[in-house]
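Subject: A structure to look over

Hello,

I am passing on a structure that you have not seen before, together with some notes. Please have it open while you read.

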Amino acid sequence: MVKVTAAEVNKLRKTTGAGMMDCKKALVEADGNFDSAIEILRKKGQKVAAKRADRESSEGAVIAKVNSDSNSGVIISLNCETDFVAKNESFISLANQIAELALSSNSKEELLGTKIESMSVQEKLIEQTGVIGEKLEIGAFESVSSEHVGFYIHAGNKIATLAGLSNKFENVSDVSKNVAMQVAAMNPIALNEDSVSKEIIEKEIEIAKEQLRAEGKPEAMLDNIAKGKLKKFFKDNTLVKQAYIKDNKSSVENYIQSENNECVITDFKRVALV
């Protein structure tokens, strides 16, 4: 049996994050070959990943980042099985590394094939599944591109948002962050009335009519009253019409106009693990 030194075991542990005994066994099995030992540990990870494939990975960390020009942003969630792992510093560090790579990716599939250290992101997740003993996967992948993109990450890395604005101006970073915070807090379903799907509108009208019928309102009045209720629905659930969280006497749209009357919100994204 080949002898392996403590230094070799420690090097493999630092490279892979695997436990000392796992690293020693892998080096012995690989006859001391460092690269082969890494492959053995990855294979262990693949077995663990397959074994845990049906587990629910509903915990994790949600990370938002924007590029150096602040005109493109991305949100990814790195999902795991338990809150204990989700709060681990090395797990959050990995989530941030992957989010940084996501800035140069156009899709989750492209991200999974991107190189991280000496392997793909997908291979890294499999490796870490073996190390940690929990199923790891990329859950959400969302992006926004605009003239300026701001972001917000809620404490605990459970909610992250992006907000795109049409113009750059002196305090645009603060304004975009405030809009992103609005999205995190109020969870709008759409940007504006035009962005709400026909299916949702029809459903809300039907709900309103059923409520009015239950109240005994005449059938001939239902359409007009339901339209009024729909306006209230838009005010509560579309970003531009919502009451601004820092001044509920103003709408988000009015807040933006007060900061720069040529600016509009172009897009937003929200990812939450709750």
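First, some ground rules. This is a predicted model, in which local features need pLDDT of at least 70 and side-chain atom pairs count only at pLDDT 80 or more, while totals for chains, interfaces and linings use all residues. Residues are numbered from 1 along each chain as its sequence is written, and side-chain values use heavy atoms, with hydrogens and water left out. Helices (H or I, at least four residues) and strands (E, at least two) are DSSP runs, numbered from the N terminus.

**Helix 1 and helix 2**

Let us start with helix 1 (residues 6-16) and helix 2 (residues 20-29), whose axes come within 9 Å and cross at roughly 115°. Axes here are lines fitted to C-alpha atoms, for helices over the stretch in contact, and angles run from 0 to 180 degrees between N-to-C directions. The two helices, helix 1 and helix 2, are therefore roughly perpendicular to each other (angles under 35 degrees count as roughly parallel, over 145 as roughly antiparallel, 65 to 115 as roughly perpendicular and the rest as oblique). Helix 1 contributes Glu8, Val9, Leu12, Arg13 and Thr16 to the contact, and helix 2 contributes Met20, Cys23, Lys24, Ala26 and Leu27; contact means heavy atoms within 4.5 Å. By class, the contact of helix 1 with helix 2 has six nonpolar, one polar and three charged residues. For these classes, Ala, Val, Leu, Ile, Met, Phe, Trp, Tyr, Cys and Pro count as nonpolar, Asp, Glu, Lys and Arg as charged, and the others, Gly among them, as polar.

Met20 is worth a look on its own. Met20 sits in helix 2 and, not counting residues up to four places away in sequence, touches Val9 and Arg13. Its C-alpha atom is separated by 7.1 Å from that of Asn10, 10 residues apart along the chain. With 42% relative accessibility, Met20 counts as partly exposed (buried means under 20% relative accessible area, exposed over 50%, partly exposed in between, with a 1.4 Å probe and protein chains only).

**Helix 8 and what it packs against**

Helix 8 (residues 172-186) has 15 residues and reaches 21 Å from its first C-alpha to its last, close to the 21 Å expected at 1.5 Å a residue. That expected span is 1.5 Å times one less than the number of residues. Which residues of helix 8 are buried? They are Val172, Val175, Ser176, Asn178, Val179, Ala180, Gln182, Val183 and Ala184. These buried residues of helix 8 pack against strand 6 (148-153), strand 7 (159-165), strand 8 (243-244), helix 11 (252-259) and strand 10 (265-272).

The axes of helix 8 and helix 11 come within 11 Å and cross at roughly 175°, which makes helix 8 roughly antiparallel to helix 11. On the helix 8 side the contact is made by Asp174, Val175, Asn178, Val179 and Gln182, and on the helix 11 side by Val252, Tyr255, Ile256 and Glu259. The contact of helix 8 with helix 11 has, by class, five nonpolar, two polar and two charged residues.

Most residues other than glycine have a negative phi. Asn187 is in the loop between helix 8 and helix 9 and is partly exposed, with a relative accessible area of 42%.

Asn157 also has a positive phi, of about 55°, although it is not a glycine. Asn157 lies in the loop between strand 6 and strand 7. Is Asn157 buried or exposed? Asn157 is buried, with a relative accessible area of 17%. Leaving aside neighbours within four places in sequence, Asn157 is in contact with Gly60, Ala61, Val62, Ile63 and Ile92.

Lys209 belongs to helix 9 (residues 198-214) and counts as buried, at 17% relative accessibility. Beyond its neighbours within four places in sequence, Lys209 is in contact with Leu222, Asp223 and Ala226.

Gly216 is found in the loop between helix 9 and helix 10 (222-237), and is exposed, with a relative accessible area of 59%. The C-alpha atoms of Gly216 and Phe151, 65 residues apart along the chain, are separated by 47 Å.
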